[in-house]
Amino acid sequence: MNAIAGSNAVKIRARGVTKRFAVRRRADVIAVDGVDLDVEENELLAIVGPSGCGKSTFLYMVGGFLEVSEGEILVDGRRVTGPGTDRGIVFQHFALFPWLTVRENILYGLRERKVAEAEREATTAELIALIGLRGFEDVYPKQLSGGMKQRVAIARTLAIDPEILLMDEPFGALDAQTRTVMQDELLRIWNQRKKTVLFVTHDVHEAVRLADRVVVMTARPGRIKAIIDAREAHAPDAANVRESPEIARKVNEIWEHLRDEVALAQRQEAVSSSGRGG
Amino acid sequence: MAANALSDRTTRQRETPSWLAYRAVYSVVLVLLAWEIASRTALINPFFMPAPSLLVVQAVKLTLQGELLPHMGATLLRALGAILLAIAIGVSLGIAMARIAAVRWFFDPLISLGLPTPKIALWPIFVLWFGFHDQSKIYLTTFACAFPLVSATYLATRDVDRYLLWSARALGTGERRMLWKVIFRAAVPDILTGIQTIIPFAFILIVLTEMLSGGIGLGSMIMLAGRLADIPTVLVGVIGASILGFAVIRLGEYLRARVLVWHEETTDHA
Ligand SMILES: Nc1ncnc2c1ncn2[C@@H]1O[C@H](COP(=O)(O)OP(=O)(O)OP(=O)(O)O)[C@@H](O)[C@H]1O
Ligand SMILES: [Mg+2]
């Protein structure tokens with residue numbers, strides 16, 4: 001388990017990161033427990049784990065939205081104390097501004113950063129084309145499907161071109177075809193602009209196909225169970241290979257780690273819901 | 001996908017023809033008709049319950065004598081003034097409470113206590129402070145309407161979805177701009193609901209204070225007519241006040257639909 005990276009520059013460093021939530025009249029919930037992780041510069045790192053194991057919570061701490069209870073998170077060697085435009089985030093439930101149109105949502109960060117108008121408009125138009133929503137520029141989020149909202153959320157974050165992309169199941173709401181297209185887009189953008197990407201997914205196959213390394217988390221409290229190097233499964237022209245024996249082998253390997261944890265998480269779920277009932 | 005979302009919009013446009021929105025009028029017409037018949041056939045005493053047609057005649061007569069419109073105008077202006085003042089005070093205080101701990105600490109108990117207090121009972125004091133004319137009426141009504149509006153605004157600005165705030169932070173919005181860029185906008189639907197709830201309160205209170213003080217205004221007109229047992233004029237006054245209130249409520253609904261085009265609740269024809 002080489003959670004600690006070797007030669008390359010470390011972009012995100014987590015040391016003993018723990019998150020406890022105080023719950024009224026119950027023991028604290030430990031969502032994340034002592035996570036040590038180094039994400040290298042320009043690495044694409046996937047996190048998989050059973051539902052409720054603390055994946056989102058970990059992402060929020062890297063984003064600076066939640067404070068760590070113990071340990072520390074460093075970005076470029078500096079301790080994270082709050083959100084910043086160096087770290088863009090795509091939330092699991094999109095969080096688009098409902099009072100802004102598709103175009104205005106994507107423009108939002110550019111306006112906040114006072115980007116010149118011509119550049120702003122060009123970037124927005126380019127992104128709208130990228131996410132395939134031309135013709136929907138002036139539509140409000142309420143009129144979009146889940147998959148369309150998700151694409152707008154991705155474009156809104158890409159617009160300000162952050163060095164780090166934090167993505168919480170960014171393709172979860174997409175249908176199979178759009179999902180593949182967007183995965184390829186992510187790879188293309190990542191190849192082009194060299195970003196450090198930390199993304200959570202439920203889709204092990206997606207994790208293997210996209211990520212350099214895949215972090216498998218345990219059921220709650222979330223710890224790192226294994227880190228699997230997926231690079232060896234990538235063909236030189238990875239974007240064009242969807243199925244290969246190497247990928248299938250990696251997927252199986254990850255499932256071996258994941259199976260028990262998913263079962264455990266389900267038992268936890270059953271216990272806590274019967275506890276609530278009684 | 002594109003075609004789908006667009007056709008979805010056009011079908012919704014066709015769903016509710018606008019005349020259906022006025023279906024509510026039928027029940028009113030029915031009641032008026034029954035009332036007319038009951039009164040004409042002396043099923044109810046026409047002295048105590050004059051027929052609607054007589055009220056129309058009375059309304060026309062009063063209008064021609066210049067006895068109705070000035071009263072309606074005075075009531076309308078006072079109510080609108082009180083509503084606007086209550087919005088200015090209520091919304092800013094509500095936002096301040098949600099944002100500033102000290103303001104919340106000071107006002108929260110006062111608002112909680114004041115909300116169920118019968119503000120009209122302060123009328124004698126308002127008269128002593130502001131006299132018998134417009135000011136006392138408008139200020140008392142403002143005062144009474146501010147309470148529900150403060151608490152609506154406070155709750156709306158306090159409970160903004162944290163993911164919206166986080167998104168804005170990650171996109172570069174600082175703590176200070178957050179209020180205007182996100183918090184206020186996210187709270188607008190609930191603030192508007194608060195404003196819409198105070199409209200009927202405002203009319204009730206203005207008419208009440210007019211009844212208590214004489215002078216110009218529908219309330220005073222009603223009180224005076226009552227003393228002369230002039231029931232048609234009383235009823236014309238009551239109906240006049242309802243019509244004013246109704247018109248302002250509809251105006252509120254219209255403005256809401258204009259402001260909230262982006263909101264789930266707004267269908268496109270509205
Ligand atoms: N504010 C909070 N207060 C109390 N418990 C919380 C809070 N936020 C999260 N939790 C708990 O922490 C645990 C981890 O939550 P988190 O959302 O990070 O899981 P996740 O791995 O993202 O799950 P999913 O795959 O379903 O999105 C869960 O058990 C959740 O109930
Ligand atoms: Mg999650």
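Modeller: Quick definition before we start: a helix axis here is a line fitted to the C-alpha atoms over the stretch in contact, and angles run from 0 to 180 degrees between N-to-C directions. Also, keep in mind that this is a predicted model.

I'd zoom in on a helix pair in chain B. Helix α10 (residues 218–227) of chain B packs against helix α11 (residues 231–259) of chain B at an angle of about 165°, and their axes are 8 Å apart. Angles over 145 degrees count as roughly antiparallel, so that is what α10(B) and α11(B) are to each other. Their crossing is left-handed. On the α10(B) side, the contact uses L218(B), M221(B), I222(B), A225(B) and G226(B), while α11(B) brings T233(B), V234(B), G237(B), V238(B), G240(B), A241(B) and L244(B). Sorted by class, that gives 8 nonpolar and 4 polar residues, with no charged ones.

Now step back to G217(B), which sits in the loop between α9 (175–213) and α10 of chain B. Its relative accessibility is 0%, so G217(B) counts as buried. What does G217(B) touch, not counting residues up to four places away in sequence? The list is H71(B), A74(B), T75(B), R78(B) and E210(B).

For comparison, take a helix pair in chain A. There, α2(A) and helix α3 (residues 117–130) pack at an angle of about 140°, with axes 10 Å apart. The α2(A)/α3(A) pair is therefore oblique, and its crossing is right-handed. The residues that meet are R103(A), I106(A), L107(A), L110(A) and R111(A) from α2(A), and R120(A), E121(A), T123(A), T124(A), L127(A) and I128(A) from α3(A). By class, the contact of α2(A) with α3(A) has 5 nonpolar, 2 polar and 4 charged residues.

The magnesium ion (ligand 2) has S56(A) (OG) and Q92(A) (OE1) as its protein donors, at 1.9 to 2.4 Å. S56(A) is buried at 18% relative accessible area, whereas Q92(A) is partly exposed at 26%. As for α1(A), 9 of its 9 residues are buried, so the helix is largely enclosed by the rest of the structure. Just past its end, G64(A) has a positive phi of about 85°.

A couple of backbone details to finish. Most residues other than glycine have a negative phi, and most peptide bonds are trans. F94(A), in the loop between β6 and α2 of chain A, has a positive phi near 70° and is buried at 15% relative accessible area. N42(A) has a positive phi near 65°, and is partly exposed at 27%. The peptide bond between R220(A) and P221(A) is cis, with omega about -5°; P221(A) lies in the loop between β9 (213–217) and β10 (224–229) of chain A.

How values were computed:
Residues are numbered from 1 along each chain as its sequence is written. Chains are lettered from A and ligands numbered from 1 in the order in which they are written. This is a predicted model: local features need pLDDT of at least 70, side-chain atom pairs count only at pLDDT 80 or more; totals for chains, interfaces and linings use all residues. Side-chain values use heavy atoms; hydrogens and water are left out. Donors are N, O and S atoms within 2.8 Å of the metal (3.2 Å for Na, K and Ca); water is not among the atoms, so sites may look incomplete. Buried means under 20% relative accessible area, exposed over 50%, partly exposed in between (1.4 Å probe, protein chains only). Helices (H or I, at least four residues) and strands (E, at least two) are DSSP runs, numbered from the N terminus. Angles under 35 degrees count as roughly parallel, over 145 as roughly antiparallel, 65 to 115 as roughly perpendicular and the rest as oblique. A crossing is left-handed if the near helix is turned anticlockwise from the far one by less than a right angle, and right-handed if clockwise. Contact means heavy atoms within 4.5 Å. Ala, Val, Leu, Ile, Met, Phe, Trp, Tyr, Cys and Pro count as nonpolar, Asp, Glu, Lys and Arg as charged, and the others, Gly among them, as polar.
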